[in-house]
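Here is a short briefing on one protein chain. Keep the sequence and the 3D view open while reading.

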Amino acid sequence: MTQHQPTPAQAHVLVRGQILHYLADPGPGDDPSAWEFFDDGALWIVDGRIHAAGPWSAINANMPPDVRRAAVFHDHRDRLVLPGLVDTHIHYPQAGVIGSFGRQLLDWLNDYTFPAEARFATYSVAERTAEFVVERLLAHGTTTASVFATVHAHSVDAFFEAAAARKLRMLCGKVLMDRNCPNDLRDNAVSGRADSQALIERWHGRERLRYTLTPRFAPTSTPEQLQSVGELFGSQPDLHLQTHLAENPAEIAWVRELFPERSSYLDVYAHYGLIGPRSIYGHCIHLSPAERREMAAAGAAAAFCPTSNFFLGSGAFDYAASAAAGLRVGLATDVGGGTGFSLIRTLGQAYEASQIHATPLSGMRGWYLATLGGARALYLDEHIGSFQPGREADFVVLDWTATPELAWRMDNTRTLDERLFALMILGDERCVVATHVLGEAAFTRRA
């Protein structure tokens, strides 16, 4: 409990439900000190931030009667209340090509990604798509994401406008590409840096928004552009950076051809100053143990994208080995190579990927990965990802029994971990009852 006593003049929200949040990674042994669960619990939210989380009886007793009367009350008894889900890697312009027939990564880029992104030269396309994507994220329980736009600077404006209108904490950046891409999607080292700098000045640190430098991946940027991005990344201590790494064997071979002087794909990024705290790399499937350790030591993070990795036949990310190396890892849909906006469905496939490496992902650790794990990967855990006092009150309410199959399964569970595991394997967006941003309802499922 924080020391100051809130007043009725402040905006109070009181939530009753089955409260679960994480304090740390439970690890492969599901360390019970890593989470807090209150079967009949409460959140006390003041002016959009967590004031207290704990048993309903204790929270209710500690609220002054005039504050209790003034509070907006949400009764979610018998439902699971979690911090808002965090998607660490998503391409919002690819929402229109989800579910397109795919072969492999490089074919996907040429057949679907580039044509889809070229349409964003028209601002209204970006605007409509941003509105659609933000609404779908909220409907799936996602309150924060690390978002790729297109090469067009106004595609970032469109996304940030939609996010700001809903008071969301979001990261986004203009894609940088100056080779090996269509002419209508190509910038250059000078223009890409100028556009990025202007977007940083316009959006970075505004409300809950932060800017992410976004070179698509090493093959579509010249050494000059990578050098420029590295200089910009190093020039301001709180900028973020996102790109792709070691997703596909053909991609890795291409990087080797383009950068023969560098010892590895990761070394390309390291050489140009693109690895460090607040940098996150999509996929990271085909890495050596030494590369995982190098990323961890640098403070970089990996975005675990199992639906996309399976859909495009890229392979299975080794979450257990990456976490054991000390690497920060967040869960990601990777729309549109990924097959939907649901991080719940994505968790189910994360389990399948972990089984390939004979290190099955537990329900308890899975929900950490989708909440605090993602917040830590994006260096946002001082703001979101848990219900510790002072954190921003983004949360999602899930129905354990949203489908007949789930209801039947829940009748046959005995422990919290069994319930959490069943929810991540059998659950989907139908489980999302409500999504709240800064304590306020941003999505409510119709009965």
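Is strand S11 (residues 279-283) largely enclosed by the rest of the structure or exposed, and how many of the residues are buried? Five of the five residues of S11 are buried, so the strand is largely enclosed by the rest of the structure. The model is predicted.

**Strand S11 and its partners**
- S11 pairs with strand S10 (residues 240-245) in the parallel sense, over five bridges.
- Within that pairing, Thr 243 has Tyr 281 of S11 as its bridge partner.
- S11 and strand S12 (residues 301-304) also run parallel, joined by three bridges.
- Ile 280 has its bridge partner in S12, namely Ala 301.
- From S11 the chain passes through helix H10 (residues 289-298) to S12, a right-handed β-α-β crossover.

**Salt bridges**
- The count comes to 20 salt bridges.
- Asp 25 and Arg 365 form one of them, at 2.9 Å from N to O.
- Asp 25 sits in the loop between strands S1 (12-22) and S2 (35-46) and Arg 365 in helix H14 (residues 363-370), so the pair ties together parts that are 340 residues apart in sequence.
- Asp 25 is partly exposed, at 30% relative accessible area, whereas Arg 365 is buried, at 8%.
- Asp 394 and Arg 208 form another, with the closest N and O atoms 2.8 Å apart.
- This pair links two loops 186 residues apart: Asp 394 lies between helix H15 (372-377) and strand S14 (395-398), Arg 208 between helix H6 (189-203) and strand S9 (209-215).
- Asp 394 is buried at 4%, and Arg 208 is buried at 7%.
- Glu 429 and Arg 345 also form a salt bridge, the closest N and O atoms being 2.9 Å apart.
- Glu 429 is in the loop between helix H17 (416-426) and strand S15 (432-437), and Arg 345 is in helix H13 (residues 343-356), 84 residues apart.
- Arg 345 is partly exposed, at 45%.
- Shared partners join Arg 49, Arg 169, Arg 208, Glu 392 and Asp 394 into one salt-bridge network.

**Cysteines**
- The structure holds zero disulfides.
- The sulfur closest to that of Cys 305 belongs to Cys 284, but at 8.4 Å it is too far for a bond.
- Cys 305 is buried, at 0% relative accessibility.
- Cys 431 is buried too, with a relative accessible area of 0%.

**Gln 225**
- Gln 225 lies in helix H7 (residues 223-235) and is buried, at 1% relative accessibility.
- The Gln 225 side chain reaches the backbone nitrogen of Asp 178 at 3.5 Å.
- Beyond four places in sequence, the contacts of Gln 225 include Leu 176, Asp 187 and Thr 220.

Key
Residues numbered from 1 in each chain as written. Predicted model: local features only at pLDDT ≥ 70, side-chain atom pairs only at ≥ 80, totals over all residues. Heavy atoms only, no water. Helix = DSSP H or I, 4+ residues; strand = E, 2+ residues; numbered from the N terminus. Buried < 20%, exposed > 50% of the residue type's maximum accessible area, 1.4 Å probe, protein only. Polar contact = N/O pair within 3.5 Å; in protein donor to acceptor, adjacent residues only side chain to side chain. Contact = heavy atoms within 4.5 Å. Pairing = 2+ DSSP bridges. Right-handed = clockwise from strand over helix to strand, strands pointing away. Disulfide = S-S within 2.5 Å. Salt bridge = Lys/Arg side-chain N within 4 Å of Asp/Glu carboxyl O.
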